Amino acid sequence: MKRAWLKAAGTGLSLVAVAGAAVVLLLSVIGLGQAAGSHPVADVDAARMMNAERDAGNWLSYGRTYSEQRFSPLTKITSDNAKQLGLAWFADLDTNRGQQATPLIIDGVMYVSTAWSMVKAYDAATGKPLWSYDPEVPRELGVKGCCDVVNRGVAAWNGKIYVGTFDGRLVALDAKTGKPAWSVVTGDHKNLTITGAPRVVKGRVIIGMSGGEYGIRGYISAYDAETGKLAWRFYTVPGDPSKPFENKAMEMAAKTWSGEWWKLGGGGTTWDAISYDPELNLVYFGAGNGVEWARNYRTASKGDNLFTSSIVALNADTGEYVWHYQATPGEEWDFDAVQQLILADLTIDGRPRKVIMQANKNGFFYVLDRRDGKLISATNFVPVNWASGVDPKTGRPIESPGIRYDLTGKPVNMMPGALGGHSWQPMAYSPKTGLVYIPAQEIGLEFTPVEGLATSSLGWNVAVATTNTPGTKGYLIAWDPVRRKEVWRAGHLGPWNGGTLTTAGNLVVQGDASGSVNVYRADTGEKLWSTRAQSAVMAGPVTYEVNGEQYIAVMSGWGGAFPLFEGKEAAKSGNLRNVSRVLAFKVGGMATLPALTPEPKLVLNPPPATAAAATVATGTGLYAQYCSVCHGENAIGGGVVPDLRASSFLGNDFWFEIVLNGAMKDAGMAPFKSVLDHQSAEAIRAYVIHRAHEDSPRN
Ligand code: CA
């Protein structure tokens, strides 16, 4: 099959995305005066989840409640006393990769997942570690994720904690001890990964999956919470049409595809949003982009390609299709529709409406009727150049001319780009202010098709190179979903800032990429308090109460797609350090972080550049194809994995042991001998040496 390599211009970046101890339950923690160990732990069931909104002191599920509003009714911390916030406790984590998880807090115990799908339990009042679980994901598998070895959270049900692992397992842990109760492998594709948080509905653990860029056919699954038995699975794209379709929805979806899409998997992965309406008994989730990105190579340039880039509603009992809304039909710019799905009851045009809301990667804020998926409104919340709007009758975007890939080689300049106007960073909705708090960003991308890129055996199936355009921005928007407009905004130094939390105390909490944790007035956006976290904060904050004291907690730790790909742009926020921690704050908190050791200066001291220009040119392409996704475009690191320009192995033949044979696989560097030979590894080294000389102060 013919493939395209989309080469980029702009800033000149060029990314190729081809494709424990026993739990000790102190009486003071539980506060119920029961004998230690006799109180049920992670005591979450259907009745408690249905009442989660009023269960003020706890944070029982990823988005706090099934509606995923991330709104807390707690009012001890308010816009009046937020200025007195201080650090209550912190807990250092044992990895320095990206931290994206939202902690759960259940009856005084915090459960949180970290990079490499590890899980920790802490006393939520003191930060005392209770247990730790490591699923021992082989570190060389890190290369199978486009966007870091992150994990966004755990779920809790009836004494168990559930985590999806980076190597595709769903693991149930005993919430008292952290010991595995059961574990299932959720699929057989060699490039299956999981980064998203499970949710539990009616005693079934619902879990999505990642790997759309690596040739996977998307699906979402439900497993019995007690036994791990598969209850249902819904595929998001149809399989080989010569075989029977799994259900009527697949038969319908197949009519929107052409060519031999199933050979590439199709995409449509389910890597983030899941919400649930108990009254309608509907589970909602988002599906990602198609594979390949270029529609002509995926599906002969035809069709909408259901259910890629769609919001889908399923019967919670059976997993059967109920409705869908496709945000970006026939998508080809990595506009996953997996961003958080918030359920709320709004009054629109004088009518009470049951809505579902999403700030999509494609730059539009969608309000749908969650009973039937009909579009209520779609309004851009960031600058959008690819569509002039969304047709209210058809629900389809009004595409701008010339935004489809032009295979003659003409660049296509997209705003937003592949990292989205909003990505996985969770947003929050306050029923008190009626506003949605969106971590928004502007990162444009330019796509230029170039023919002839072969698919690697590492499974990269999207033949695309991208480059961001200058002028990246990041900001927090307070968005009125009824009036369809921005009410206030708070600016940040650059993109890729943290998720948001809002509270009945009139607060919005958000960390940022520069390394601050900030608290704003929810109604006006006035900044009330800010503290330095020593590292970027991307994750979603939570709030909870233990022993009558309200806390705000969030994870620090830089990583994910943006700093991995775009080190130069990521540096604009001024903090590339990864200090991975759980941080908890309270009014009058007096704890302090240990002083940071001075950051080692990046010393570029490359060996002489002796390679022929042709070798450097070969290395440029190979680096872009195999290395830039983690080590950064133009070999500029973003603070998450080593900056190769400063590598001590540039002048040392151990380079080949690392690149080809996996000498550093335990540190996360996969062996590339299946796709690169000695000569290729040499060319890549020549390119990195060349880049180091270009950026060396001696020049
Ligand atoms: Ca994607």
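1. The donors of the calcium ion follow the spacing E-x75-N-x44-D-x1-D along the chain. This is a predicted model, and the protein donors in it are Glu213 (OE), Glu213 (OE), Asn289 (OD1), Asp334 (OD), Asp336 (OD) and Asp336 (OD), which lie 2.2 to 3.1 Å from the calcium ion. Glu213 belongs to the loop between strand 14 and strand 15 (219-224), while Asn289 belongs to the loop between strand 18 (282-286) and helix 4 (295-299), so the pair ties together parts that are 76 residues apart in sequence.

2. How is the geometry of the calcium site classed, given its 6 donor atoms? The site is irregular, with angles of 44 to 165 degrees among the donor atoms. For comparison, ideal angles at a metal are 90 or 180 degrees for six octahedral donors.

3. Are Glu213 and Asn289 buried or exposed? Glu213 counts as buried because its relative accessibility is 12%, and Asn289 is buried as well, with a relative accessible area of 2%; the cut-off for this class is under 20%.

4. An open sheet is formed by 4 strands in the order 13-14-15-16, and the pairing is antiparallel. Strand 13 (199-201) and strand 16 (230-235) stand at the edges, where each has a single partner strand, so one side of each is left without a neighbour in the sheet. From one strand to the next the twist averages 25 degrees. Strand 13 pairs with strand 14 (residues 204-207) in the antiparallel sense over 3 bridges, and Arg199 has Ile206 in strand 14 as its bridge partner.

5. Thr256 is located in the loop between helix 3 (248-254) and strand 17 (274-277), and it counts as buried because its relative accessibility is 16%. If its neighbours within four places in sequence are left aside, Thr256 is in contact with Lys302, Gly303, Asp304, Asn305 and Leu306.

6. Two peptide bonds and two phi values deserve a careful look, given that most residues other than glycine have a negative phi, and most peptide bonds are trans. Val291 and Glu292 are joined by a cis peptide bond with omega about -5 degrees, and Glu292 has its place in the loop between strand 18 and helix 4. A cis peptide bond also joins Leu306 and Phe307, with omega about 0 degrees; Phe307 is placed in the loop between helix 4 and strand 19 (310-315).

7. Ala300, which lies in the loop between helix 4 and strand 19, has a phi near 55 degrees, a positive value in a residue other than glycine. Arg484, found in the loop between strand 33 (473-480) and strand 34 (485-492), has a positive phi of about 60 degrees although it is not a glycine. Ala300 counts as partly exposed at 39% relative accessibility, and Arg484 counts as partly exposed at 40%.

8. Helix 7 (residues 613-626) packs with helix 10 (residues 678-695) at an angle of about 95 degrees, their axes being 7 Å apart, and the two helices are therefore roughly perpendicular to each other. Among the residues that meet are Thr615, Val616 and Tyr623 in helix 7, and Ala683, Ile684 and Tyr687 in helix 10.

9. Helix 10 has a further neighbour to examine, for the buried residues of helix 9 pack against helix 10. In helix 9 (residues 654-661) the buried residues are Trp655, Phe656, Ile658, Val659 and Leu660. Just after helix 9, Gly662 takes a positive phi of about 80 degrees.

Note on methods. Residues are numbered from 1 along each chain as its sequence is written. This is a predicted model: local features need pLDDT of at least 70, side-chain atom pairs count only at pLDDT 80 or more; totals for chains, interfaces and linings use all residues. Side-chain values use heavy atoms; hydrogens and water are left out. Two strands pair if DSSP finds at least two bridges between them. Axes are lines fitted to C-alpha atoms, for helices over the stretch in contact, and angles run from 0 to 180 degrees between N-to-C directions. Donors are N, O and S atoms within 2.8 Å of the metal (3.2 Å for Na, K and Ca); water is not among the atoms, so sites may look incomplete. Four donors count as tetrahedral if all angles lie between 85 and 135 degrees; four count as square planar and six as octahedral if opposite donors are over 155 degrees apart and all others between 65 and 115; anything else is irregular. Buried means under 20% relative accessible area, exposed over 50%, partly exposed in between (1.4 Å probe, protein chains only). Angles under 35 degrees count as roughly parallel, over 145 as roughly antiparallel, 65 to 115 as roughly perpendicular and the rest as oblique. Contact means heavy atoms within 4.5 Å.
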